[in-house]
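Here are my notes on the model you sent.

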Amino acid sequence: MMVRRLLPPSLIALCVLLAGCQSTPPKSASGGKDGGASRIAIKHATDADAASIDTTPKDITVEDLIATKLPDDFKGGLEDYGDRRVGPFEKSTFRISGTLKSVVHRKDGDYYLVMEGKTGATAVIEVPDPALAKGSPILPQIQAARNEIESKYHPTDTPKDINEPATIEGVGFYGWKGHPGSGGHGSAPRLMPGTGFKSGK
């Protein structure tokens with residue numbers, strides 16, 4: 001005869017409690033962690049050179065943004081610039097207008113936005129969790145951009161299709177095509193951190 005063992009009430013309560021913890025990440029914080037492992041200080045503008053960022057935005061198209069090249073005298077790979085900004089691009093703030101295609105709240109805490117230009121080309125703008133940008137001289141701008149996006153779209157970990165006109169500001173950032181360690185010359189320019197957001201034309 002098979003004997004069935006009943007779980008103690010305390011263990012049952014623990015299982016129920018743990019089951020209830022399976023939810024999506026909070027929108028306003030990421031637990032102080034960033035999923036990326038490279039150039040974190042540059043992404044969050046907490047590096048020593050962040051104070052030299054020109055916060056006056058320069059207008060640029062999506063197409064010109066993604067066509068931005070690394071400086072001619074650039075040597076090594078981007079992974080060698082873990083806490084250093086590359087050229088004037090990463091010390092400048094840019095403003096692009098176009099069609100906001102989508103937004104998603106990523107596991108590293110970023111709001112990840114895709115903007116489309118007139119030709120259909122797309123560029124990426126990332127607005128980090130302000131909790132990860134503490135100490136940044138542009139934290140107020142990051143927080144303001146984050147608040148605007150949060151109040152308008154309430155991003156979740158599932159990408160949301162938006163397809164609305166928008167204007168976004170952010171600091172130039174050389175990302176990677178593929179993965180870190182690929183040499184740096186396969187850079188994918190974007191704006192990060194995002195420092196301003198406005199929906200509509």
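**Notes on the model**

1. Tyrosine 153 is buried, its relative accessible area being 7%. Buried here means under 20% relative accessible area, exposed over 50%, and partly exposed in between, with a 1.4 Å probe and protein chains only. This is a predicted model, in which local features need pLDDT of at least 70 and side-chain atom pairs count only at pLDDT 80 or more, while totals for chains, interfaces and linings use all residues. Residues are numbered from 1 along each chain as its sequence is written, and side-chain values use heavy atoms, with hydrogens and water left out.

2. Tyrosine 153 has an aromatic partner. The whole structure contains 4 aromatic pairs (ring centres of Phe, Tyr or the six-membered ring of Trp within 6.5 Å; planes under 30 degrees apart are stacked, over 60 edge-to-face, the rest tilted). Tyrosine 153 belongs to helix 4 (residues 139-153) and phenylalanine 197 to strand 6 (residues 187-199), so the pair ties together parts 44 residues apart in sequence. Phenylalanine 197 is also buried, with a relative accessible area of 10%.

3. Phenylalanine 74 and tyrosine 81 form a stacked pair, 5.0 Å centre to centre with 25° between the planes. Both residues are buried. What sits over the ring of tyrosine 81? The charged end of arginine 84 does, 4.2 Å from the ring centre (NZ of Lys or CZ of Arg within 6 Å of the centre and within 35 degrees of the ring normal). Arginine 106 has its charged end over the ring of tyrosine 112, 4.4 Å from the centre.

4. Arginine 190 lies in strand 6 and is buried, with a relative accessible area of 14%. Its side chain makes a polar contact of 2.5 Å with the side chain of glutamate 126 (a pair of N or O atoms within 3.5 Å; within protein, one must be able to donate a hydrogen and the other to accept it, and residues adjacent in sequence count only if both atoms are side-chain atoms). Leaving out residues up to four places away in sequence, arginine 190 touches residues including Leu65, Phe89, Tyr112 and Phe173 (heavy atoms within 4.5 Å).

5. On the whole chain: there are 4 helices and 6 strands (DSSP runs, H or I of at least four residues and E of at least two, numbered from the N terminus). Buried residues make up 41% of the 201 residues.
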